[in-house]
Amino acid sequence: MANVLLAPIYKDVYGEQFSSGNFSHRMKMQKLIYLLQEAGISIGDYNFHWYKHGPYSQQLQNDILVTNGDFDRDIRYSETAKIIVNKLTNILNKQTSYSKDTWAECLASLQYLRSNVFSLNSSDDSIIDELIKRKPHLSDIATNKLALKELKTMFN
């Protein structure tokens, strides 16, 4: 069954209509939902594991592929959810040396590594080294450090 919140929350955060036929949109959706879940906002019951582009949920992908584009649905966020969504919107839309989808991939991948591979107080350098080892295209050290800084303000 399609998750009717996916397209509206994508539009709220990224400011664009979601298209399930667009790989970049699907990847940004995967990273958005992962980061929201990490922040304690449940959009569905999605289990994420490490994949080629970082955290990935097959259940979410199934929902994404049947999303019918119900963009005009109003989402009524709790006060806590509103704060988290606003923070995440600011972080995901930050201008960096990476494209928007690569920036989302960087953020979600670093958070996944912080939560599932390293302890939250591991050194930034060790986490970034692991990211680059797993994803050589995410090799901009300064941008990766910025991503970790943003994640720490969001999740610590």
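These entries record what I looked up in a predicted model, from aromatic rings to one helix and then to charged pairs.

**Aromatic rings**

I began with the rings and found six aromatic pairs in the structure. One that I looked at is tyrosine 10 with tyrosine 14, a tilted pair with 4.8 Å from centre to centre and 45° between the planes. Both tyrosines belong to helix 1 (residues 6-14), where they stand four residues apart, about one turn of the helix, and both are buried. I also noted that lysine 28 lies over the face of tyrosine 14, at 4.8 Å from the ring centre.

Elsewhere I found Tyr34, Phe48, Trp50 and Tyr112 joined into a cluster by ring pairs.

**Helix 4**

I next checked the length of helix 4 (residues 79-92): its 14 residues should span 20 Å at 1.5 Å a residue, and the C-alpha atoms at its ends are 20 Å apart, which agrees. Which residues of helix 4 are buried? I listed Ala81, Ile84, Val85, Leu88, Thr89, Ile91 and Leu92. Viewed down the helix axis, the buried residues fall within an arc of 165°, so they line one face of helix 4. They pack against helix 1, helix 2 (23-38), helix 5 (100-116) and helix 7 (141-155), whereas Glu79 and Asn90, on the other side of helix 4, are exposed.

**Salt bridges**

My search of the whole structure gave seven salt bridges. In one of them, the side chains of glutamate 105 and lysine 135 meet at 2.6 Å, N to O. Glutamate 105 is in helix 5 and lysine 135 in the loop between helix 6 (124-134) and helix 7, so this pair ties together parts 30 residues apart in sequence. Glutamate 105 is buried, at a relative accessible area of 2%, and lysine 135 is buried too, at 1%.

I then turned to lysine 152 and aspartate 124, whose side chains form a salt bridge of 2.5 Å, N to O. This pair links distant parts of the chain, with lysine 152 in helix 7 and aspartate 124 in helix 6, 28 residues apart. Lysine 152 is partly exposed at 28% relative accessibility, as is aspartate 124 at 27%.

Finally I came back to arginine 134, which forms a salt bridge with glutamate 130 (2.6 Å, N to O). The two are four residues apart in helix 6, about one helical turn. Arginine 134 is partly exposed at 32%, while glutamate 130 is buried at 13%. A network of salt bridges links Glu130, Lys133 and Arg134.

Methods
Residues numbered from 1 in each chain as written. Predicted model: local features only at pLDDT ≥ 70, side-chain atom pairs only at ≥ 80, totals over all residues. Heavy atoms only, no water. Phe/Tyr/Trp six-rings, centres within 6.5 Å; stacked < 30°, edge-to-face > 60°. Buried < 20%, exposed > 50% of the residue type's maximum accessible area, 1.4 Å probe, protein only. Lys NZ or Arg CZ within 6 Å of the ring centre and 35° of its normal. Expected span 1.5 Å × (residues − 1). Arc of directions from axis to C-beta. Contact = heavy atoms within 4.5 Å. Salt bridge = Lys/Arg side-chain N within 4 Å of Asp/Glu carboxyl O.
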